[in-house]
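Q: I have a protein model open and want to learn how to read it. Can we go through it feature by feature?

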Amino acid sequence: MTRCLNCGAERTSDICDACGLGSSAAELSLRTRLLVRTAVFALGSLAFLAAGNHYPALDLDAMLIFIGIVFFLALALAIWVERRALRHAEVEALKRLYYGLIPLPWLLAALLFANGALDRSPPRSQSARVIGKFSMSGLLGSHRLVVTSWREGRRVERVPVGRGDFDSYDPGDLVNVQIQSGLAGVPWVAGVSSR
Ligand SMILES: [Zn+2]
């Protein structure tokens, strides 16, 4: 059984009865749609990075690793769908799986943004000592102060900070880290100040 690459209907001849496209036109339509959705997905990932930059979750690094894995899995899936389409193999199930992943970075970006923007909880001040710092240049650039942890079972926290705070503190400095609980219960870093 062959399915139309455009609409997914069963196809008995070269021209699909349901949408009227020939097999090569249907293939082109599928590839265009894959490309558009991949762009939407990539933009969502950028929105997530921007939200994480604006309202940095305390565990931002773990979230970035998660979204990075999802990103590469989704790209691999898109390439797989396209390869199978070229061989005229069945793509419906894989295609739906891929389309299902498209809103994920947008949802996480919205969650992270709302978590910080609509958070009315008072900041809690946690005292910590800076033990290291590192920065990565990249799309949005990221700066972390590595400080002693106040949470049970953890040795260090990698606190996301802005460029100014990053330059102001050095290992050995005593700081207060302002933590807010977050509307969605994701603790985020409101700021860092000297003690
Ligand atoms: Zn069709």
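Q: How do the residues of the lining of the largest pocket divide into nonpolar, polar and charged?
A: Keep in mind that this is a predicted model. Sort the lining residues by class. Here 13 are nonpolar, nine are polar and two are charged.

Q: What volume does the largest pocket have?
A: Its volume is about 440 Å³.

Q: Which residues of the lining are the closest to the centre of the largest pocket?
A: Look for N53, L60, G141, S142 and R144. They are picked from the 24 residues that line this pocket.

Q: Which helices and strands each supply at least two residues of that lining?
A: Trace the lining back to its elements. Two helices are on the list: α1 (23-54) and α2. The strands β4 (142-148), β5 (156-161) and β7 (188-194) are on it too.

Q: Now the helices. At what angle do α1 and α2 pack, and how far apart are their axes?
A: Read the angle and the axis distance together. For α1 and α2 the angle is about 175°, and the axes are 11 Å apart. Angles over 145 degrees count as roughly antiparallel. Therefore α1 and α2 are roughly antiparallel to each other. Their contact has 18 nonpolar, three polar and three charged residues.

Q: At what angle do α2 and α3 pack?
A: Helix α2 and helix α3 (residues 92-101) pack at about 150°, with axes 10 Å apart. That angle makes α2 roughly antiparallel to α3. Handedness is a separate reading: α2 passes α3 in a left-handed crossing.

Q: Which residues make the contact of α2 with α3?
A: From α2 come A74, L77, A78, W80, V81 and R84. From α3 come L94, K95, L97, Y98 and L101. By class, this contact has nine nonpolar, no polar and two charged residues.

Q: How do α2 and α4 pack?
A: Helix α2 (residues 60-86) meets helix α4 (residues 104-117) at an angle of about 165°, and the axes are 11 Å apart. The two helices are therefore roughly antiparallel to each other. The crossing of α2 past α4 is left-handed.

Q: Which residues of α2 and α4 make the contact?
A: On α2, find L60, M63, F66, I67 and V70. On α4, find L104, P105, L108 and L112.

Q: How many residues of each class does the contact of α2 with α4 have?
A: Count nine nonpolar residues, no polar ones and no charged ones.

Methods:
Residues are numbered from 1 along each chain as its sequence is written. This is a predicted model: local features need pLDDT of at least 70, side-chain atom pairs count only at pLDDT 80 or more; totals for chains, interfaces and linings use all residues. Side-chain values use heavy atoms; hydrogens and water are left out. Axes are lines fitted to C-alpha atoms, for helices over the stretch in contact, and angles run from 0 to 180 degrees between N-to-C directions. Helices (H or I, at least four residues) and strands (E, at least two) are DSSP runs, numbered from the N terminus. Angles under 35 degrees count as roughly parallel, over 145 as roughly antiparallel, 65 to 115 as roughly perpendicular and the rest as oblique. A crossing is left-handed if the near helix is turned anticlockwise from the far one by less than a right angle, and right-handed if clockwise. Contact means heavy atoms within 4.5 Å. Ala, Val, Leu, Ile, Met, Phe, Trp, Tyr, Cys and Pro count as nonpolar, Asp, Glu, Lys and Arg as charged, and the others, Gly among them, as polar. On a 1 Å grid over the protein atoms alone, a cavity is a set of points where a 1.4 Å probe fits but cannot get out, and a pocket is an open set with protein on both sides within 12 Å along at least five of seven lines; lining residues have an atom within 4 Å of a point. Grid points are joined across faces, edges and corners, and a volume is the space filled by probe spheres set on the points.
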